[in-house]
Each structure stands twice: as C-alpha cells, then as structure tokens.
Amino acid sequence: MDQLDLKLLQELTEDGRISYAELGRKYGLTRVSIKERIDRLRQEGVIEAFTVTINPEATGKHVSAFFEIDVEPFHLDSVAHALAEKDEVENLYLMTGSSTLHMHALLRDMEDLERFVLDHVYSLKGITRVQTHLILKRYKSRNGGLRL
C-alpha cells in the first residue's frame with residue numbers, strides 16, 4: 001500500500017459514494033486506474049465493505065447499550081453465536097480483561113432493553129455475570145474500523 005492508496009482510503013472514508021472519475025481528476029489518474037486500485041484494496045481485504053451509516057434514533061432505536069458478559073469457557077461459543085444472531089446486537093467481541101464478551105446493542109426503549117436482557121441474555125446457559133452500560137450522549141462515533 002502506498003501513499004495514494006492511503007489518500008484514496010481517506011477519501012472513501014469521508015464519502016463512500018465519490019466517483020472513480022472524481023478521484024481520478026483529483027489525483028491526476030484515469031477512472032480505470034482508480035477503479036483498479038480500489039478493486040485491489042478490496043481483494044486484499046483492506047476495504048471490507050462499502051456501506052451506509054444510519055442514525056439509530058431516526059429509525060426508532062433510542063437506547064444504545066454496551067454489555068460486559070462473563071461466560072463459562074465451555075459455553076463461550078454457544079453464547080456468542082446465540083447473541084450474534086439477535087437483530088438488536090450491533091457488535092460482539094471476545095475480549096481480554098475481566099469480561100469475556102463485550103456487546104453493543106440498539107433497542108427501541110427501556111422496555112425493549114428489559115425484554116432483550118431477560119429473554120435473550122439472562123436465559124443463556126453459561127453466563128455468570130452481565131453488566132450493562134447505557135449511552136447518555138454521543139460525542140463521537142466511528143462506525144467501522146480504522147480512520148486514516
């Protein structure tokens with residue numbers, strides 16, 4: 001990956017809909033050359049996906065909760081797979097430290113949070129501890145991974 005690749009990644013991070021032609025004009029290359037570079041970055045796994053970022057509150061999801069979930073080792077995979085299947089779950093990670101799984105979920109309201117915790121978290125075999133943290137205000141949010 002060279003400096004131009006890094007610049008293209010930055011451009012795409014800021015506006016994933018920017019055209020190859022516009023990028024080509026900006027960097028003095030042809031549209032085809034830009035497309036080939038971006039295709040290579042996708043094939044190499046540098047670019048995982050092109051996506052859209054949706055404001056959760058605009059779609060009725062007003063509660064954003066982070067969970068620290070301790071799980072008995074024997075049940076770790078089954079718990080993780082069960083939670084990953086839930087539509088409410090945005091991100092789920094196996095972590096080091098005092099908690100085993102860290103999960104982010106988006107829910108409509110507090111009643112939806114209560115239902116989710118009781119029906120889909122506490123009901124799973126092997127969970128030994130759950131700690132829930134609610135977001136009060138979002139100051140910065142980066143959806144996806146690295147920002148260059």
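What follows is a chat about the strands, helices and cores of this predicted model.

Q: Before we start, what kind of model is this, and how are residues numbered?
A: It's a predicted model, where local features need pLDDT of at least 70, side-chain atom pairs count only at pLDDT 80 or more, and totals for chains, interfaces and linings use all residues. Residues are numbered from 1 along each chain as its sequence is written, and side-chain values use heavy atoms, with hydrogens and water left out.

Q: Okay, what order do the strands of the sheet have?
A: The order is 2-3-1-4, in an open sheet of four strands with antiparallel pairing. Strands (E, at least two residues) and helices (H or I, at least four) are DSSP runs, numbered from the N terminus. Two strands pair if DSSP finds at least two bridges between them.

Q: Which ones are the edge strands?
A: Strand 2 (89-94) and strand 4 (127-134), and each pairs on one side only. From one strand to the next, the twist averages 20 degrees.

Q: And what packs on the sheet?
A: Helix 5 (residues 110-121) does, touching strand 1, strand 2, strand 3 and strand 4. Touching, or contact, means heavy atoms within 4.5 Å. The helix direction makes about 20 degrees with that of strand 1. For these angles, axes are lines fitted to C-alpha atoms, for helices over the stretch in contact, and the angles run from 0 to 180 degrees between N-to-C directions.

Q: How many bridges join strand 1 to strand 3?
A: Seven, between residues 63-71 and residues 101-107. One of the pairs is Phe66 with His104. Strand 1 also pairs with strand 4 over seven bridges, again antiparallel, and there Phe67 stands opposite Thr132.

Q: Is strand 1 buried or exposed?
A: Eight of its nine residues are buried, so strand 1 is largely enclosed by the rest of the structure. Buried means under 20% relative accessible area, exposed means over 50%, and partly exposed is in between (1.4 Å probe, protein chains only).

Q: Which residues have the most contacts inside the largest nonpolar core?
A: Phe67, Ile69, Leu101, Met103 and Phe116, in a core of 19 residues. Such a core is a set of buried Ala, Val, Leu, Ile, Met, Phe, Trp, Tyr and Cys residues joined through side-chain atoms within 4.5 Å. Two or more residues each come from strand 1, helix 4 (76-84), strand 3 and helix 5. Strand 1 gives the most, with five. Apart from this core lies another, of 10 residues, including Ile18 and Ile47.

Q: Switching topic: at what angle do helix 2 and helix 3 pack?
A: About 105 degrees, with the axes of helix 2 (residues 20-27) and helix 3 (residues 31-43) 8 Å apart. That makes helix 2 roughly perpendicular to helix 3. Angles of 65 to 115 degrees get that label, while those under 35 count as roughly parallel, over 145 as roughly antiparallel and the rest as oblique.

Q: Which residues of helix 2 meet helix 3?
A: Tyr20, Ala21, Leu23 and Gly24, and they meet Arg31, Ile34, Lys35, Ile38 and Asp39.

Q: Last one: where does Ala105 lie?
A: In strand 3. At 0% relative accessibility, Ala105 counts as buried. Val89 is its bridge partner. Ala105 and Val63 are 42 residues apart in sequence, with their C-alpha atoms 8.3 Å apart in space.
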